[in-house]
Amino acid sequence: MTEKIAILDAGAQYGKVIDRRVRELKVFSEIVPLSTSVEKLKADGYTGIIISGGPGSVTASDAPEYDKTLFDSGLPILGICYGMQLLNFHHGGTIETKDQREDGQETVDTETDSLLFSSLSSKEQVLLTHGDSVGELAPGFRIVARSGSIVAAMEKADNKLYGVQFHPEVDLSTNGKVILSNFLFKICGFKGLFTPKCREQSCIDEIRSHVGDKKVLCLVSGGVDSTVCTALLSKALGPERVVAAHIDNGFMRQEESSKVAVALSSLGVTLKVFDCTDDFLNGTTECTNKATKERYTTKQLKDTIQPEEKRRIIGDTFMRVAEKITKSLDLDPSETFLAQGTLRPDLIESASSLASTKADAIKTHHNDTELVRELRKAGRVIEPLKDYHKDEVRELGMALGLPKDLVMRQPFPGPGLGVRLICAEEPFICDNFDAVNRMLKELVNIESASAEVVKRVKSAFGDNLEPLKNSNLAATILPFKTVGVQGDGRTYSYLCSLSSNEKPNWQQLFVFARLIPKVCHAINRVCFTFGKAVEGPIKSITQTWPRKEALDQLREADAAVNKLLIEHDLTIALSQVPVVSFPIDFDIEHTESAKRQRTEGRRSIAIRTFITNDFMTGVPAVPGNKEMPLEVLDKMVAEVSKVAGISRVVYDLTSKPPGTTEWE
């Protein structure tokens with residue numbers, strides 16, 4: 001029997017992670033469109049099906065098409081998230097949008113007599129991220145897992161039809177790989193006979209085939225991805241055919257450019273450094289208005305506040321600068337390829353067709369902009385790491401002989417501090433601002449909350465509300481947007497600030513951080529604000545653009561945090577620690593009559609710790625644990641607070657999802 005799994009793509013952000021997990025279990029898998037016919041699936045030799053998650057609703061008029069005979073094909077099928085909802089809806093069950101949405105790690109109660117949960121316990125930690133839920137169960141199916149009142153898994157075992165509302169493919173589902181293994185080996189009957197050929201040699205062969213006898217210009221940011229890409233290119237083609245250029249875009253960390261040059265010189269790579277700060281700050285680009293489909297020219301980057309426009313300008317300016325550098329180096333553009341260290345998550349989150357045909361864009365990556373896609377179409381871009389995830393790149397780097405301290409250092413985004421400086425010209429205050437604030441105050445004072453709020457909390461949290469009581473917390477939303485991923489789609493929503501006049505109870509704070517986005521759907525990120533309690537409401541911002549003063553302030557705060565991370569050897573335990581500047585002065589007057597935007601004012605700094613293996617999902621470090629000792633966090637807060645113009649320091653309590661790693 002051929003062992004081939006088809007992953008039917010409904011637009012999942014984690015589609016490639018499913019593919020990777022299946023291949024880790026030594027079963028061959030491929031991602032194909034959800035609309036693929038059963039006839040073609042069988043003709044191509046697939047003997048099992050996984051239907052991915054997706055950002056849409058199965059009840060929507062524009063729901064993705066699928067072959068209506070799929071579930072009668074006789075093939076074993078596992079539906080994940082959207083895939084489970086499709087399974088239920090197709091067989092006559094109902095799908096509902098409930099008051100409770102789930103966007104984080106939850107405990108589900110499982111039926112261990114199901115083959116899907118064989119060898120597992122009756123309670124399992126999994127990642128749930130969805131708005132729609134199964135209402136009425138389809139006839140003939142059995143519920144085999146629940147999350148509170150929500151159906152978390154279902155099966156029709158005789159027909160080998162299974163569905164899970166959660167994501168077994170990600171790290172936040174603790175035993176998710178076991179669940180996938182049960183499906184592949186105990187339900188599909190596979191043996192695990194697929195052994196991928198050496199990926200390093202596969203990449204080298206691809207590079208040599210694609211490039212031929214031409215040269216390659218590699219734009220080196222100094223991060224892990226571009227460094228490994230450069231080393232791989234050098235091994236494949238020889239260092240004499242690899243031109244390594246480092247572009248200082250003005251958004252680098254303190255002394256980053258000089259450190260990059262020193263690090264790469266130890267690898268025998270001659271690095272040419274170009275200061276292009278003015279090119280970037282004065283850069284513009286062309287974008288398409290999503291509503292009107294009309295093209296327009298952006299403002300200069302130094303006057304731009306929209307996150308997507310900032311990323312596009314930075315990405316496209318990068319490409320234009322690369323063209324200039326090519327000419328300055330006497331490289332013939334028609335005889336030179338551009339190499340990038342683009343990874344699979346970059347393409348997935350950008351909704352690139354290289355990774356998924358249906359995925360919703362979470363953010364535009366600087367190395368996957370419209371211009372880069374045009375260069376790809378022209379065959380001018382080579383991206384040898386495009387099928388790799390971050391942890392796999394680290395493994396490849398070690399195999400290439402790169403030093404461990406270089407390979408394991410903290411990731412830093414290509415657009416640099418440009419996407420860690422939250423810009424705003426006016427407060428983000430929607431019609432629901434006051435209503436959301438009122439609900440927050442009831443949540444943190446659950447003892448006196450209304451019956452309606454208590455009902456919603458119990459639906460999301462269960463009947464035992466003791467962990468929420470006696471919080472002594474103040475809660476308020478802040479009038480700017482941060483990006484999140486909820487239900488496989490992008491959200492720009494409010495940030496919730498929790499604060500207290502007492503010593504923080506971190507265990508309880510994380511309970512609230514998981515609960516709040518479930519009950520308040522307008523919130524996708526929760527932080528703890530150090531200092532005295534902030535009652536709110538806060539309705540004014542400090543006007544901020546990507547300019548030198550604000551960038552230098554963030555650079556100093558970032559340096560203070562990273563110095564302590566290195567001193568206390570935390571850069572390995574913590575996968576990433578973005579330091580983010582946001583335009584809120586907590587300690588000025590925030591009355592209705594106060595100015596809603598100020599050209600002068602202080603900003604605040606967020607410390608966003610992130611622990612992950614796959615960089616698609618992850619959790620923050622709990623202060624007091626080994627990943628973030630309390631004394632180190634206290635030092636960070638004290639050092640950052642010394643930076644001129646800083647109002648407060650906050651600690652991000654949010655998992656991914658519902659919050660992304662970066663804030664924009």
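In which crossing, right-handed or left-handed, does α15 pass α16? This is a predicted model, in which local features need pLDDT of at least 70 and side-chain atom pairs count only at pLDDT 80 or more, while totals for chains, interfaces and linings use all residues. Residues are numbered from 1 along each chain as its sequence is written, and side-chain values use heavy atoms, with hydrogens and water left out.

α15 passes α16 in a right-handed crossing, a crossing being left-handed if the near helix is turned anticlockwise from the far one by less than a right angle, and right-handed if clockwise. Helices (H or I, at least four residues) and strands (E, at least two) are DSSP runs, numbered from the N terminus. Helix α15 spans residues 451-461 and helix α16 residues 506-519, and the two pack at an angle of about 115° with their axes 10 Å apart; axes are lines fitted to C-alpha atoms, for helices over the stretch in contact, and angles run from 0 to 180 degrees between N-to-C directions. The two helices are therefore roughly perpendicular to each other (angles under 35 degrees count as roughly parallel, over 145 as roughly antiparallel, 65 to 115 as roughly perpendicular and the rest as oblique). On the α15 side the contact (heavy atoms within 4.5 Å) is made by Arg 456, Val 457, Ala 460 and Phe 461, and on the α16 side by Val 511, Leu 515, Lys 518 and Val 519. These residues divide into six nonpolar, no polar and two charged, where Ala, Val, Leu, Ile, Met, Phe, Trp, Tyr, Cys and Pro count as nonpolar, Asp, Glu, Lys and Arg as charged, and the others, Gly among them, as polar.

Helix α16 also meets helix α14 (residues 433-443), the two axes coming within 11 Å and crossing at roughly 140°, so that α14 and α16 are oblique to each other. Here Met 439, Leu 440 and Leu 443 of α14 meet Phe 512, Leu 515, Ile 516 and Val 519 of α16, and the residues of this contact divide into seven nonpolar, no polar and no charged.

Elsewhere, an open sheet of five strands has the order β12-β11-β10-β15-β16, with parallel pairing; two strands pair if DSSP finds at least two bridges between them. Because β12 (271-275) and β16 (381-382) stand at the edges, each with a single partner strand, one side of each is left without a neighbour in the sheet. Strand β10 (residues 215-219) is joined to strand β15 (residues 336-339) by four bridges, and Cys 218 has Ala 339 in β15 as its bridge partner. Helix α6 (residues 224-237) packs on this sheet, touching β10, β11 (242-248) and β15, and its direction makes about 165° with that of β10. Helix α9 (residues 307-328) packs on the sheet as well, touching β10, β11, β12 and β15, with its direction at about 135° to that of β10.

Helix α6 has a helical partner too, since its axis and that of helix α12 (residues 390-399) come within 10 Å and cross at roughly 40°, and the pair is therefore oblique. α6 passes α12 in a left-handed crossing. Val 224, Asp 225, Val 228 and Leu 232 in α6 meet Lys 390, Val 393, Arg 394, Leu 396 and Gly 397 in α12, residues that divide into five nonpolar, one polar and three charged.
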